[in-house]
Amino acid sequence: MSLLELRQVTKRFGAVEVLRGVSFSLEAGSVVGLLGDNGAGKSTLMKIVTGVYSLDSGQVFFAGQPIRYPQHNPQRARELGIEMIYQDLALARQQDAAANIFLGREPLYRFLGFWPMIDRARMRREAEAAIARLGARLPSVSYPVGQLSGGQQQSVAIARALSFNPRLVIMDEPTAALAVREVEHVLELIRELRRQGIGVILISHRLPDVFAVSDRIVVLRQGVVVADLQTAQTSMTEVVGYIVGAH
């Protein structure tokens, strides 16, 4: 049984049909690279999966169960185990890593048995455990996020997503604008997610990165799936051909 399955998904904005019968699936513990030129429909499709948009027609299944639209929303997606890490990471850069991982759901204790106080010691312990689970390294979880490297900031964003016990993580351009060493760090984080049995959808324009970690590559062009390929059985030249419409 697929973790995520999309069947003939369509989405229209006014007269513009952004998605035209998109179908593909994802298995637990696998990585699918979702590729396509700007405007191909990648972001719209993922916003349907995460509940930001409702679909116009078609079906989406998660862990074998149908997702109901228009009731589906980001909170329901999170409850199902679907997390998306956007390109800007949405981190509070003046706060430390622990504060970012627990942002909006800080653990509390009662001072003198009465006054609720943020349990910062617990936040640090659990943040350290979350970072260690990824095999990542930070100077300290008490270090301001804005002073961390790009790869380390990705570690914090992924650790935050993992704190919700996701079954599917969608990553939007996670290696954009990173140095070579930082790129390899993020790719290893993606491999670690796969080893933990978490499904990953990787949206990227960097083909070497997609080929380094993905099991399958799905190419969208003008709202249609034009290729669904096993990574080991294709090439960058072939994939580029699908992206630009040469096939």
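Which residues does Val224 touch, not counting residues up to four places away in sequence? Val224 touches Arg20 and Val219. The model is predicted. The protein has eight helices and 12 strands. Its radius of gyration is 19 Å, close to the 18 Å that the globule rule gives for 247 residues, so the protein is as compact as a globular protein of that length.

**Overall form**

- The C-alpha trace of the protein spans about 65 × 40 × 35 Å along its principal axes.
- Of the 247 residues in the protein, 49% are buried.
- Contacts between residues at least 6 apart in sequence include a 65% share that joins residues at least 24 apart.

**Val224**

- Val224 belongs to strand S12, which covers residues 224-230.
- The relative accessible area of Val224 is 25%, so Val224 counts as partly exposed: the value falls between the 20% limit for buried and the 50% limit for exposed.
- From Val224 to Ile85 the C-alpha to C-alpha distance is 24 Å, and the two residues are 139 apart in sequence.

**Helix H5**

- Helix H5 (150-162) has 13 residues and reaches 18 Å from its first C-alpha to its last, close to the 18 Å expected at 1.5 Å a residue.
- H5 is mostly covered, with 11 of its 13 residues buried.
- Among the buried residues of H5 are Gly151, Gln153, Gln154 and Arg160, along with Val156, Ile158 and Leu162.
- The cover over the buried residues of H5 includes strand S6, helix H3 (97-101), H4, S9 and H6.

- Helix H6 (180-195) has 16 residues and reaches 23 Å from its first C-alpha to its last, close to the 22 Å expected at 1.5 Å a residue.
- The buried residues of H6 are Glu182, Val183, Val186, Leu187, Leu189, Ile190, Arg191, Glu192 and Leu193.
- An α-helix has 3.6 residues a turn, so residues three or four places apart point the same way.
- Elements that cover the buried residues of H6 include strand S3 (31-35), helix H4 (120-133), H5, S9, strand S10 (199-203) and helix H7 (207-213).
- Thr175 sits in the loop between strand S9 (168-172) and H6.
- Thr175 has 2% relative accessibility and therefore counts as buried, the limit being under 20%.
- Not counting residues up to four places away in sequence, Thr175 touches Val183, Val186 and Leu187, together with Ser204, Arg206 and Asp209.
- Val183, Val186 and Leu187 are also among the buried residues of H6.
- Gly197 follows H6 and has a positive phi, near 85°.

**Largest pocket**

- The largest pocket holds about 320 Å³ of space.
- Elements that give two or more residues to the lining of this pocket are helix H2 (74-80), strand S6 (82-85) and H5.
- Its lining has 17 residues, of which Arg78, Glu83, Met84, Ile85 and Tyr86 lie nearest the centre.
- By class, the lining residues divide into 12 nonpolar, two polar and three charged.

**Backbone geometry**

- Most residues other than glycine have a negative phi, and most peptide bonds are trans.
- Between Tyr69 and Pro70 the peptide bond is cis, with omega near 5°.
- Pro70 lies in the loop between strand S5 (65-66) and H2.
- Gln8 is not a glycine, yet its phi is positive, near 50°.
- Strand S1 (residues 4-13) contains Gln8.
- The relative accessibility of Gln8 is 51%, so Gln8 counts as exposed, the limit being over 50%.
- Asn165 likewise is a residue other than glycine with a positive phi, near 55°.
- The loop between H5 and S9 holds Asn165.
- With a relative accessible area of 59%, Asn165 is exposed.

Notes
Residues are numbered from 1 along each chain as its sequence is written. This is a predicted model: local features need pLDDT of at least 70, side-chain atom pairs count only at pLDDT 80 or more; totals for chains, interfaces and linings use all residues. Side-chain values use heavy atoms; hydrogens and water are left out. Helices (H or I, at least four residues) and strands (E, at least two) are DSSP runs, numbered from the N terminus. Buried means under 20% relative accessible area, exposed over 50%, partly exposed in between (1.4 Å probe, protein chains only). Contact means heavy atoms within 4.5 Å. The expected span of a helix is 1.5 Å times one less than its number of residues. On a 1 Å grid over the protein atoms alone, a cavity is a set of points where a 1.4 Å probe fits but cannot get out, and a pocket is an open set with protein on both sides within 12 Å along at least five of seven lines; lining residues have an atom within 4 Å of a point. Grid points are joined across faces, edges and corners, and a volume is the space filled by probe spheres set on the points. Ala, Val, Leu, Ile, Met, Phe, Trp, Tyr, Cys and Pro count as nonpolar, Asp, Glu, Lys and Arg as charged, and the others, Gly among them, as polar. The radius of gyration is taken over C-alpha atoms; the globule rule is 2.2 Å times the number of residues to the power 0.38.
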